[in-house]
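Welcome, and take a moment to turn the model around before reading on. We will go from the whole chain to a few of its parts.

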Amino acid sequence: MGKVSNDAGAGRGVRLGLPLAIGAAFAFGMSGGWARGLIDAGWSPGAAVTARIWVAALVLLIPAILSLRGRWGVLRRNIGMIATYGLLAVAATQLCYFQAVAVMDVGIALLIEYTAPIAVVLWLWLRRGERPSRRSILGALIAFVGLVLMLDILTGATVNGAGILWALGAMVGAATYFILSAKADTGLPPIALAGGGLLLGAIGLTVAGLVGVLPIAWTTDDITYRFGSVPWFVPVLAIGLIATALAYMLGIVSTRMLGSRLASFIALAEVVAALLFGWLLLGQLPDLLQMFGGVLVLAGVVVVKLGEPAPAEFVEPLPAVEAEGRPAPASGL
């Protein structure tokens with residue numbers, strides 16, 4: 001862990017890093033389908049996301065502690081960032097995403113969230129005066145056209161306004177994730193940031209549920225999916241162990257091997273995974289116009305990222321930090 005993740009590392013370890021990055025994307029992408037089954041059975045989105053984060057936080061707790069190697073001062077210095085990461089970039093993002101998939105198709109909700117890179121470009125422009133390139137502006141316009149087509153606005157179809165707002169909330173949370181993950185001068189190992197953020201996010205959601213701010217409801221009835229019914233703990237463990245804990249681990253390792261930019265492009269496979277699992281688990285499938293709009297959204301995001309300045313190669317002494325704690329553009333988180 002002696003280098004900040006960058007494109008120079010993309011030429012090494014691609015053979016192993018590529019399947020790991022694809023595995024991370026597909027692991028993250030299955031969360032919405034499993035969660036929709038829980039929600040349809042009577043679980044509140046708050047209960048589903050709280051269970052997800054607690055399972056993942058407990059799994060990553062020991063690796064996160066070991067990654068610090070006794071450097072507790074680093075943890076204390078970054079407690080504010082970890083809290084923001086856990087409460088906003090993790091808990092709020094995933095809660096908004098689960099709220100969105102409760103009332104709209106999984107793939108469409110994730111595509112809206114995946115416009116987060118555009119929000120980051122806008123924030124950097126307004127906040128820091130970093131004017132976007134012409135390519136980034138073109139990409140944003142392409143993605144906007146795709147979003148209009150994807151939501152069937154032009155055909156007069158009924159649009160679930162609440163679902164769109166929840167998905168946009170997830171997008172804001174994902175953009176916050178990117179901004180926080182880009183801080184390379186914290187001295188905090190990425191697995192510690194992920195594990196600590198998940199733990200604080202789980203505690204925050206639990207407290208919100210206990211005081212009545214966040215509705216918490218669950219059932220131990222079997223959960224029905226397209227292929228049949230399963231016990232309630234099957235989707236809970238699938239979301240917590242595979243779609244969160246394993247996904248974070250695979251994502252961190254693959255980003256170290258591929259570099260942050262290449263890994264972020266490969267992470268767009270999460271949208272394909274969300275569509276696939278939405279169909280396998282729920283029978284959801286967008287129509288041709290929505291599919292075309294989704295392709296435009298992805299194309300626009302790619303163009304935006306191509307318009308970003310290439311990261312400079314940089315090496316720093318131990319303890320080292322990777323540029324990103326998770327290589328995926330947002331998760332659903």
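Predicted model: local features only at pLDDT ≥ 70, side-chain atom pairs only at ≥ 80, totals over all residues.

A word on terms before we start: helices here are DSSP runs of H or I with at least four residues, and they are numbered from the N terminus.

Now step back to the whole chain. Its secondary structure comes to 14 helices and two strands. Of its 333 residues, 55% count as buried. The accessible surface amounts to about 14,200 Å², and carbon and sulfur atoms hold 70% of that. Among the contacts in the chain with a separation of 6 or more, 91% join residues 24 or more positions apart.

Let us return to H2, which covers residues 31-41. Why is this helix described as largely enclosed by the rest of the structure? Because nine of its 11 residues are buried, and a residue counts as buried when its relative accessible area is under 20%. The buried residues of H2 are Ser31, Gly32, Gly33, Trp34, Ala35, Arg36, Gly37, Leu38 and Ile39.

One partner of H2 is helix H5, made of residues 79-101. Two packed helices are described by the angle between their axes and the distance between the axes. For H2 and H5, the axes come within 9 Å and cross at roughly 65°. The crossing is right-handed. On the H2 side, the contact is made by Ser31, Gly32, Ala35, Arg36 and Ile39, and on the H5 side by Tyr97, Phe98 and Val101. These residues divide into five nonpolar, two polar and one charged.

Is Arg69 buried or exposed? Arg69 is exposed, because its relative accessible area is 62% and the cut-off for exposed is over 50%. Its phi is near 55°, a positive value in a residue other than glycine.

The other stop is Thr176, placed in helix H9, which runs over residues 161-181. Thr176 has a relative accessibility of 16%, so it counts as buried. Leaving aside residues up to four places away in sequence, Thr176 touches Leu88 and Ala89.

How values were computed: Residues numbered from 1 in each chain as written. Heavy atoms only, no water. Buried < 20%, exposed > 50% of the residue type's maximum accessible area, 1.4 Å probe, protein only. Contact = heavy atoms within 4.5 Å. Areas by Shrake-Rupley, 256 points an atom, 1.4 Å probe, with all protein chains shown as cover. Axes fitted to C-alpha atoms, helices over the stretch in contact; angles between N-to-C directions. Left-handed = near helix turned anticlockwise from the far one by under 90°. Nonpolar A, V, L, I, M, F, W, Y, C, P; charged D, E, K, R; others polar.
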